[in-house]
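Reader: I would like to learn how to read the features of a model one by one. Please give the rule each time, then the case at hand.

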Amino acid sequence: RRVVAILVAAGSGSRIGGGMPKQFLSVAGRPMLAHAHAALTRHPGVTDTVVVVAQGEEERLLHTLREVRWTHGGATRRESVARGLDAAAELGATHVLVHDAARPFLPKAVIDRLLASFDQTDAASPALPVADTLAAAPDGKLGATVPRAGLVRIQTPQAFRLSVLRDAHAAWPASEEATDDAQMVRRLGVSVAVVQGDAVLEKITHPADIAAAEARVGAEYR
Ligand code: CTP
Ligand code: MG
């Protein structure tokens, strides 16, 4: 098995603001991107890591990470993953882990669970149960409550046999957006195993998420 991690970091971070793409903002003492990159590159089961970076951000990337393999991203997350898949194929990957740079704190145990899933399945995603009550709110007023039993919140990294995810990307209509890769392979009828996620994997989307994430993590991430 040859596992290549694809770290997607070609977004602009428009919701967080901050003067530069959010993956370069400092979190717990390091640029956001550096945390997950370190977790992936030091894992013994991950052969290579490719960072997907926007055009024009190469210099910032090379300034942030001393040693890094990278490729250019696209206009959407889906296109950025597709560029990463091309790079993974060139590196001889049999399997990939696709991870958001916007989720800097990546426990080794989650990677362990995903790699272990490859013995049984071609696709897996970490997820956490939903704690809050969920309801529709179509026009600013609460509608029906959505039963939360059996619902999960999906995280990354998501794990795939390379050929399966490449097929899913090839089959996906260019006009349609996808929020994650598991959704794309499911459309081909591939079942995606759920492994236990982790609260520290929460995505950083809005300005307040940085302080919240820092408050959640222990000394091992500082
Ligand atoms: N991403 C990417 N290429 C894109 C868009 C997003 O590689 N064209 C990556 C982001 O860098 C991030 C992950 O996909 O690591 C999840 O996306 P999101 O949290 O939406 O980040 P941004 O798109 O950068 O933020 P925003 O939507 O607020 O602009
Ligand atoms: Mg986005």
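Reader: Where is the place of Pro157?

Author: Start with how elements are named. Helices (H or I, at least four residues) and strands (E, at least two) are DSSP runs, numbered from the N terminus. Pro157 sits in the loop between strand E10 (152-154) and E11. A cis peptide bond joins Thr156 to Pro157, with omega about 10 degrees. Note that this is a predicted model: local features need pLDDT of at least 70, side-chain atom pairs count only at pLDDT 80 or more, and totals for chains, interfaces and linings use all residues. Residues are numbered from 1 along each chain as its sequence is written, chains are lettered from A, and ligands are numbered from 1 in the order in which they are written.

Reader: Which residues is Pro157 in contact with, leaving aside neighbours within four places in sequence?

Author: Contact means that two C-beta atoms, placed from the backbone, lie within 7 Å. By that rule Pro157 meets Leu97, Val98, His99, Ile111 and Leu114. Ile111 and Leu114 are among the buried residues of helix H4 (residues 108-117).

Reader: What are the buried residues of H4, and where do they fall?

Author: They are Val110, Ile111, Leu114 and Leu115. Seen down the axis of H4, they fall within an arc of 130 degrees, so they line one face of the helix. The arc is taken over the directions from the helix axis to the C-beta atoms. These residues pack against E1, E6, strand E7 (123-129), strand E11 (158-161) and strand E12 (193-196).

Reader: And Lys108, is it buried or partly exposed?

Author: Lys108 also lies in H4. It has 13 C-beta neighbours inside 10 Å, so it counts as partly exposed. Beyond four places in sequence, Lys108 is in contact with Ala39 and His43. Lys108 and Ala39 are 69 residues apart in sequence, yet 6.9 Å apart in space, C-alpha to C-alpha. Ala39 is one of the buried residues of H1. Helix H1 (residues 32-42) is mostly covered, with eight of its eleven residues buried.

Reader: How do I read strand pairing, and which strands does E1 pair with?

Author: Two strands pair if DSSP finds at least two bridges between them. E1 runs parallel to strand E6 (residues 95-100), joined by six bridges. There, Val3 has His95 as its bridge partner. E1 also pairs with strand E4 (residues 48-53), again parallel and over six bridges. Here Ala5 is partnered by Thr49.

Reader: What is the sense of pairing for E11?

Author: E11 is antiparallel to E6, with four bridges. Leu97 has Ala159 in E11 as its partner. E7 and E11 are antiparallel too, over two bridges. In that pair, Ala123 stands opposite Phe160.

Reader: Why is E1 said to be largely enclosed?

Author: Seven of the seven residues of strand E1 (residues 3-9) are buried, so the rest of the structure largely encloses it. Val3, Ala5, Leu7 and Ala9 point one way, while Val4, Ile6 and Val8 point the other.

Reader: Which residues have the most contacts inside the largest nonpolar core?

Author: A nonpolar core is a set of buried Ala, Val, Leu, Ile, Met, Phe, Trp, Tyr and Cys residues joined through C-beta atoms within 7 Å. The largest one has 56 residues, and Ile6, Leu7 and Val96 have the most contacts inside it. E1 gives this core its largest share, seven residues. Not counting residues up to four places away in sequence, Val96 touches Val4, Ile6, Leu85, Ala88, Phe160, Leu162 and Leu165.

Reader: Last, how many residues surround ligand 1?

Author: A residue is near a molecule if its C-beta atom, placed from the backbone, lies within 6 Å of it. For ligand 1 there are 22, and the closest are Ala10, Gly11, Ser14, Arg15 and Ser80. E1 and helix H3 (77-90) each supply at least two residues of this shell.

How values were computed:
A residue is buried if 20 or more other C-beta atoms lie within 10 Å of its own, exposed if 12 or fewer, and partly exposed in between; C-beta atoms are placed from the backbone.
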